[in-house]
Amino acid sequence: MKHPWSAGATPALSPTAAGTVAPVLDVVDWQEWSTPEARAKWDDLAARSATPNPFFESWLLLPALAALAPSRPVRIATVRIGGSLVALFPLARAARHGRHPLPHLATWLHANCFLGAPLVAAGFEQALWQALFGWADSHAGTALFLHLAAMPLDGPLADALVETALQEGRRLALVHREERALLQSNLSPESYLAAAVPGKKRKEYRRQRARLGELGDLQVVRSRDGDHVEAWIEAFLALEAQGWKGRAGSALACAPGTAAFFRQGMAEAARRGRLERLSLELDGQPIAMLATLFAGSGTFSFKTAFDERFARFSPGVLLQLENLDLLQDPARPWCDSCAAADHPMIDSLWTERRAIGRFSIAIGGRVRRAACDALLALELGRNPVGIKNR
């Protein structure tokens, strides 16, 4: 049997060398990409992607699929040109769109996946969309449209998406847009904090840290290796579960699937040197913890938790002040907060913003596209956010 990744054994193409070779999209069961040989090709593609996305890399997506979608029809879609792998992403058929029973095709996301950008080799962004649109037209089934969620709105991936839809006369609509906190500056951590936070507030943070230090030995512990990562993971799960997320049932430890995903994903990230563990410890016990992921030229603030018994000292904020040390890493000049828009804490510390949105795209023949046009008109009429009539 010829496996889907075997064709990727040829050297990676440059966009110029690809010439007029048509991109080919294949869709297979995700388990077929779980072997060491397949993961090696996947990892090589991630290293060539102009838009980093740790959530779609092998070391984080495969644990998510195994733990959160074992019986769901989620598949891996890949694009090849002349036998070379140039794009990869998870693809699913969804029965509902929000509250409405509207079947559609979509990139697969889960509740702890904060970016939906496909992995695409730099320069092949338009080839991805051409292949995906063509495949969706001929494999639509009951799907009324294609939906792309949690997409970055700046950069080559979004530019190529809009340009491809325009060239093909295909309706594309930006149906939701938001901005979330981003850390990106040439300033030192000290100068950045001084520019971002008023002096009175900085004085309050210093007072809180001093008062917290009076309760015991206060230490900041930072690690980027895999030593004792299992113990750190269990401590994080316990700390998050004892707070409001645990009471609300949304903590990672509240469900076996999300706990398994976090354990396996963070362990593999640490093994690969793709995880920074940051903790604020009082007498050796963590009272605030932060997991940050590395991907390409960026970092991603994935998960944070703090001990609510010390809430009056703002331990989560104090830990984020330590996290400004990310500004000193020249290899990774930006960090995506992965936070909700208008987050009251991180938005007050990080002054830059990253635009994220959801696109709906027409697929299929004339009748299906007319139905999509009607649905988009209704959705945009309720929430006009940007690109229309593409």
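Me: Let's start with helices α2 and α3. At what angle do they pack, and how far apart are their axes?
Reply: In this predicted model, α2 (residues 36–47) and α3 (residues 58–68) pack at about 125°, and their axes are 10 Å apart.

Me: What does that make α2 relative to α3?
Reply: That angle makes α2 oblique to α3.

Me: Which residues make the contact?
Reply: On the α2 side there are Arg39, Trp42 and Asp43, and α3 brings Ser58, Trp59, Leu61 and Leu62. Sorted by class, the contact of α2 with α3 has 4 nonpolar, 1 polar and 2 charged residues.

Me: OK, next pair. How do α7 and α11 pack?
Reply: α7 (residues 199–213) and α11 (residues 315–323) sit with their axes 10 Å apart, at an angle of about 110°. So α7 is roughly perpendicular to α11.

Me: And is the crossing left-handed or right-handed?
Reply: α7 passes α11 in a left-handed crossing.

Me: Who meets whom there, α7 to α11?
Reply: Tyr205, Gln208, Arg209 and Leu212 from α7 meet Val317, Leu318, Leu321 and Glu322 from α11. That contact splits into 5 nonpolar, 1 polar and 2 charged residues.

Me: Which one gives the largest share of the lining?
Reply: β11 does, with 6 residues.

Me: What about the second largest pocket, what's its volume?
Reply: That one comes to about 440 Å³. It is lined by 23 residues, and Leu109, His110, Cys113, Ala149 and Ala150 lie nearest its centre.

Me: Which elements give two or more residues to that lining?
Reply: Here the list is β3 (84–94), β4 (104–107), β6 (145–152), β7 (172–183) and β13 (352–362).

Me: Last one: how many nonpolar, polar and charged residues are in the lining of the second largest pocket?
Reply: By class, there are 14 nonpolar, 6 polar and 3 charged residues.

Technical notes
Residues numbered from 1 in each chain as written. Predicted model: local features only at pLDDT ≥ 70, side-chain atom pairs only at ≥ 80, totals over all residues. Heavy atoms only, no water. Axes fitted to C-alpha atoms, helices over the stretch in contact; angles between N-to-C directions. Helix = DSSP H or I, 4+ residues; strand = E, 2+ residues; numbered from the N terminus. Parallel < 35°, antiparallel > 145°, perpendicular 65-115°, else oblique. Left-handed = near helix turned anticlockwise from the far one by under 90°. Contact = heavy atoms within 4.5 Å. Nonpolar A, V, L, I, M, F, W, Y, C, P; charged D, E, K, R; others polar. 1 Å grid on protein atoms, 1.4 Å probe; cavity = no way out; pocket = protein on both sides within 12 Å on 5 of 7 lines; lining within 4 Å. Points joined across faces, edges and corners; volume = space filled by probe spheres on them.
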